[in-house]
Amino acid sequence: MKRSVIRILIALPIIYAVALGIQVGLTALHANAYTSSLSGEYDQTSLDNQSNQVATDVNRLFTLLNVPIVKQIASVAGLDFSPIRNEVVAIIKASSWLAGADAPKRYMIAFQNSAEARGTGGILGAFAIVDMNKGSFTVIRTGSNAVLYSLKDVPVKVPAEFTKLYGKNPAILQNSNLSPHFPYGAEIWMGLWKKQFGEQLDGVIAVDPSALSYVLKATGPITLANGSVITSDSVVAETLQKAYKRYEKDNNARKQYLVDIMNAAASKITSGQYSKIEMAKALMRGIIENRILMYSRDSAAENELASVRLGGFLNTAPNNEFRVVIQNIDASKLDYYLQKNIVVDIKSCKNIQQTQVRVKLTNTLKSGKGLPAYVLTRADKGKPIDLVTGQHRFKLFIYGPTNAKLVSVLRENRTQGLGGGSAERGRPIYVADVDLAPGQSENLLANFAGGVGKISFVDQPLVRPTQLSIKGGC
């Protein structure tokens, strides 16, 4: 049977334990029985009971695997999956619905192009529609955003604050995922799909080229019909940089190239041509870096996803979580060259916690000369008269914790155009408009008051890894 990502996640802790030579006993029996039952005829209650039992056993297994000597061996062997323990348990609890055990489920796999930043990562560049049925999946169709269209109004109900912050822009296909709260983007994508094709999808799985590069370590290189070979090391540059030059005069051919790469990778996965251990590592890294996200239309399954990174939630519960989000507003593909350096610094723990977030943004492009016009696009209004080739304009959003307050802001060498404050899902936000020429950097700072619990940071996954430092503690 063709194994799905969900089945790999269910089996992940068992693979982990067996690889380390640990006796897994009842856990393995339950997991094997449960993954087998996904392909049989079982009622939903029975499947839910089995999934809860497996989740309980997996929790116990992870506790065993967290014993220092075992964890040390696992770390040396590159088999420590404990960082995604919560994600594995959540997937198992929701898996009977997600995997289509009761009835086939149809998902959109959204391939986000992180060279043009959006809240959840990047613009929707290519897609696949897949059926998940009793633990296996079939690719129904694939395509690029060229076959999808936009609307004048957002096709799903959204809060008033969402409209105040983003306007009607999310009704445009390319702007559907402006918010870092993944369910908003997923629901809008599904709404746009239903308006165009009259089909209600059951959920969305988002990935990006970096996540695909991790998967290709498990599958090995893929070969396209034209003979091109795409490897784990080359896929990011091929899709987000070189393709724009190669297909400079035919953008539709470039989009088809992306679809061809996605199809070739999907073919290897559906045929089982990959290392299970390496695939587990790929999924773990993608989840940790927020490059793999999942949304389910089923409320029970979505509640499980909402509790872990995989759900991409901007949580409204009391927390001490900070975020820095880039929104491309010039329609260029220059976020490929954008570097984020972030310092979250706790300044005071007395009474109400005081935290400072310093962000240095750098356009690492040395020169825009020679780059395709499509990459250098400046579709924004109010462009500067002395625009430099390769200059990139975007919005910066610095999010504070739930129920905190934005106290003050500062921009390097500026007294005007500081930006302003806003809010989303109970979070205060500092919003600033930034425009950087090649090689140029800018430092921006936001001070927040408030926050509950241990300080944390959720990264927006772009091409270049964020350089993050968290200082102090309460």
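1. Start in the middle: the largest nonpolar core has 62 residues, and L98, I230, I261, M294, L310 and Y336 touch the most other members. A nonpolar core here is a set of buried Ala, Val, Leu, Ile, Met, Phe, Trp, Tyr and Cys residues joined through side-chain atoms within 4.5 Å. Elements giving two or more residues to this core include α5 (85–98), β1 (105–118), α10 (251–270) and α12 (299–306). Helices (H or I, at least four residues) and strands (E, at least two) are DSSP runs, numbered from the N terminus. Another core, of 33 residues, lies apart from it, with A110, A186, I429 and V431 among them.

2. A word on the model: it is predicted, local features need pLDDT of at least 70, side-chain atom pairs count only at pLDDT 80 or more, and totals for chains, interfaces and linings use all residues. Residues are numbered from 1 along each chain as its sequence is written, and side-chain values use heavy atoms, with hydrogens and water left out.

3. Have a look at Q327, which sits in strand β8 (residues 321–328). Q327 is buried, at 4% relative accessible area (buried is under 20%, exposed over 50%, partly exposed in between; 1.4 Å probe, protein chains only). Setting aside residues up to four places away in sequence, Q327 touches A117, R118, G119, Y166, L178, S179, F394, K395 and F397; contact means heavy atoms within 4.5 Å.

4. Then there's G473, in the segment after β17 (467–471). G473 is exposed, with a relative accessible area of 51%. Beyond its neighbours within four places in sequence, G473 contacts I346 and C349.
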